[in-house]
Amino acid sequence: MHIKELVLENFKSFGRKTRIPFYEDFTVVTGPNGSGKSNIIDAVLFALGLARARGIRAQKLTDLIYNPGFDDGAENAGPNEASVEVVLDNSDGSLDRGQIVNAAGSEDVGDVEEVTIRRRVKETEDNYYSYYYLNGRSVNLSDIQDLLAQAGVTPEGYNVVMQGDVTEIINMTPHERREIIDQIAGVAEFDAKKEDAFEE
Ligand code: ATP
Ligand code: MG
């Protein structure tokens with residue numbers, strides 16, 4: 001499974017609907033400072049519900065909505081809603097249909113070779129709302145998390161390696177480093193289950 005495309009609408013510096021294609025093996029994003037490269041990573045973290053664990057660069061969710069006066073520190077007089085869609089190529093069946101049906105809470109999940117996860121944030125006068133969609137169906141964050149966990153994508157995982165993570169890993173004790181490898185290899189899950197079993 002891999003990301004095939006991102007569709008950003010009014011997300012951070014992307015004030016226009018923007019489609020960003022990703023290749024199967026390797027994609028590099030280049031551009032001048034401040035052109036929005038890191039915002040693309042933030043978009044992935046936001047949409048997949050990984051933001052809190054992996055350190056998205058925003059004080060609050062509503063800061064993620066495109067603000068034409070952002071660099072001048074102006075109040076947002078722009079749109080009141082942002083959306084990011086992550087289109088996943090699932091043609092290798094990393095997520096099977098049953099898992100998708102389960103997460104969407106419906107048999108009617110459409111194309112399972114191309115799975116889309118979308119998140120919107122909407123600001124009102126005195127509040128804000130966040131919505132997740134799986135193949136167009138409204139779901140909860142936990143549904144998205146459960147689904148992604150089947151493909152080894154978890155909030156604590158290293159599917160997204162942020163700036164500073166590498167230095168942090170170098171500075172870890174061998175034991176802490178081992179825990180990361182266990183996590184990536186999928187062993188940690190069984191360790192946790194074993195511990196639970198001993199406690200019972
Ligand atoms: P660098 O090479 O320095 O790492 P970058 O390409 O990663 O740069 P980003 O950090 O992705 O750049 O983009 C930063 C820019 O995004 C800021 O200059 C700011 O103008 C813009 N930005 C962030 N949030 C918003 C927002 N809500 N509305 C409009 N623009 C925003
Ligand atoms: Mg950057």
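Select strands β1 and β2 (residues 18-21): 4 bridges join them, and the two strands run antiparallel. Strands here are DSSP runs of E with at least two residues, helices are runs of H or I with at least four, and both are numbered from the N terminus. Two strands count as paired if DSSP finds at least two bridges between them. Within this pair, L6 has I20 of β2 as its bridge partner.

The model is predicted: local features need pLDDT of at least 70, side-chain atom pairs count only at pLDDT 80 or more, and totals for chains, interfaces and linings use all residues. Residues are numbered from 1 along each chain as its sequence is written, while chains are lettered from A and ligands numbered from 1 in the order in which they are written.

At E9, the bridge partner in β3 is S83.

**The loop between β1 and β2**

Next, select N10, which lies in the loop between β1 and β2. Its phi is near 55°, a positive value in a residue other than glycine. Most residues other than glycine have a negative phi. Is N10 buried or exposed? N10 is buried, because 22 other C-beta atoms lie within 10 Å. The cut-offs are 20 or more other C-beta atoms within 10 Å for buried, 12 or fewer for exposed, and partly exposed in between, with C-beta atoms placed from the backbone.

Now move to K17, also placed in the loop between β1 and β2. K17 is exposed, because 11 other C-beta atoms lie within 10 Å. A C-alpha to C-alpha distance line from K17 to V84 reads 9.7 Å, although the two are 67 residues apart in sequence.

Centre the view on V84. Leaving aside residues up to four places away in sequence, V84 touches L6, L8, F11, A43, F46, A47, R118 and R119; contact requires C-beta atoms, placed from the backbone, within 7 Å.

Then display the largest nonpolar core, which has 31 residues; those with the most contacts inside it are A43, A47, L48, V84, V86, I117 and I144. Such a core is a set of buried Ala, Val, Leu, Ile, Met, Phe, Trp, Tyr and Cys residues joined through C-beta atoms within 7 Å. At least two residues of this core come from each of β1, α1 (37-47), β3, α3 (97-104), β4 (114-123), β5 (128-134) and α4 (141-150). The most is given by α1, with 6 residues.

**Two hairpins**

Select β4 and β5, which pair in the antiparallel sense over 7 bridges and form a hairpin with 4 residues between them. R118 has Y133 of β5 as its bridge partner. Y133 also stands opposite S138 in β6, and 3 bridges join the antiparallel strands β5 and β6.

What separates β5 and β6 in their hairpin? There are 2 residues between them, and N135 in the turn has a positive phi of about 45°. N135 is buried, with 20 other C-beta atoms within 10 Å.

**Ligand 1**

Show ligand 1 and the 16 residues that surround it, the closest being N33, K37, S38, N39 and F70. A residue is near the ligand if its C-beta atom, placed from the backbone, lies within 6 Å of it. By class, this shell has 3 nonpolar, 9 polar and 4 charged residues.

Conventions:
Two residues are in contact if their C-beta atoms, placed from the backbone, lie within 7 Å. Ala, Val, Leu, Ile, Met, Phe, Trp, Tyr, Cys and Pro count as nonpolar, Asp, Glu, Lys and Arg as charged, and the others, Gly among them, as polar.
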